[in-house]
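Hi everyone, thanks for making time today.

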Amino acid sequence: MRIVFANSAWVSAAERLILRGGGWQRVRLRVRYGLIFHPVAGPVLIDTGYTPEALTGEGRGRMLQLYGTLLKPELNAAEQALPVLKRFGLSPDDIRTIIVTHFHADHISGLSLFRDARFIASDAAWARVKARSPRQNLRHGVFAELFPLDFEARLEGLSAKRRVEAREDVPGGSDLFGDGSVIAVDLPGHADGQFGLLFTGLERPLLYAVDVQWLLTALTENRAPGFPATLIAEDAAAIEPTSAMLRRFLAVGGEVMLCHDPAPTSYDLAPEAA
Ligand SMILES: [Zn+2]
């Protein structure tokens with residue numbers, strides 16, 4: 001199964017905000033989203049990255065403004081979802097499935113571009129989004145206006161998926177396609193309902209751990225940032241146990257990839273030849 005990641009935008013943040021003991025210099029972060037080619041489900045998006053839809057949101061709450069101050073996006077036109085799909089000969093209507101790892105703007109902002117897609121996401125987290133007022137959602141980093149109006153009708157919740165047990169230090173989770181190829185692994189801490197994706201059928205198992213940390217170094221060197229990063233976390237106390245689970249996975253030979261880490265990975269799309 002082919003797996004590629006693209007970079008929808010650049011955001012920059014002072015290193016000390018995203019890495020304990022970091023400096024004042026700014027780090028240019030990526031905002032990845034993925035595209036996998038599943039033998040049965042076909043081309044599947046993993047989130048949508050930042051798209052222009054996310055940058056015009058009005059009435060932003062204080063917490064979201066803080067989030068925006070930390071991560072001021074600069075869109076990467078060449079690697080927005082539509083041009084990237086085109087590189088693979090695909091149109092938006094060819095996308096029948098989008099895995100939505102969590103409901104932050106840089107993950108859902110392009111959902112409305114895909115009219116024929118079902119959304120695999122946490123139905124429990126969606127129920128909480130529905131139960132909250134718009135203002136409460138903003139405090140959780142959720143712009144309700146970024147969801148397509150028929151989001152719920154197209155939602156395929158994680159709760160209906162078969163559970164796969166953890167083996168030693170390889171985490172378990174929900175088997176998204178019923179064939180064990182992609183396992184959704186709960187990653188509590190950063191956002192309500194956040195899950196990552198474990199790909200087991202590779203030479204080296206890969207866990208796409210989304211936003212558990214911004215930098216891989218924060219994970220591998222145990223340098224998770226404190227305040228104010230903890231202020232914008234959904235459940236700050238859960239970040240450390242989740243990070244420790246990822247470290248154990250690394251220790252048994254797994255590979256961990258994050259959404260925002262700036263270093264290129266072997267899954268990142270090569271820049272298009274001019
Ligand atoms: Zn996030």
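Let me begin with a term: donors are N, O and S atoms within 2.8 Å of the metal (3.2 Å for Na, K and Ca), and since water is not among the atoms, sites may look incomplete. This is a predicted model, in which local features need pLDDT of at least 70 and side-chain atom pairs count only at pLDDT 80 or more, while totals for chains, interfaces and linings use all residues. Residues are numbered from 1 along each chain as its sequence is written, and side-chain values use heavy atoms, with hydrogens and water left out.

Helices here (H or I, at least four residues) and strands (E, at least two) are DSSP runs, numbered from the N terminus.

Which atoms hold the zinc ion as protein donors? They are His102 (NE2), His104 (ND1), His190 (NE2) and Asp211 (OD), at 2.1 to 2.4 Å. The arrangement is irregular because the angles between the four donor atoms run from 88 to 176 degrees. For four donors, tetrahedral needs all angles between 85 and 135 degrees; square planar, like octahedral for six, needs opposite donors over 155 degrees apart and all others between 65 and 115; anything else is irregular.

Are His104 and His190 buried or exposed? Both are buried, where buried means under 20% relative accessible area, exposed over 50%, and partly exposed in between (1.4 Å probe, protein chains only).

Next, please find Arg30 in strand E2. Arg30 counts as buried because its relative accessible area is 14%. Its contacts (heavy atoms within 4.5 Å), leaving aside neighbours within four places in sequence, include Asn7, Trp10, Cys259 and Asp268. Pro262 is also among them, and its backbone oxygen lies 3.0 Å from a polar atom of the Arg30 side chain.

For contrast, turn to Trp24, in the loop between helix H1 (15-18) and strand E2 (26-38). With 66% relative accessibility, Trp24 is exposed. Beyond its neighbours within four places in sequence, Trp24 touches Ala14 and Arg16.

That's my tour, so over to you for questions!

Methods. A polar contact is a pair of N or O atoms within 3.5 Å; within protein, one must be able to donate a hydrogen and the other to accept it, and residues adjacent in sequence count only if both atoms are side-chain atoms.
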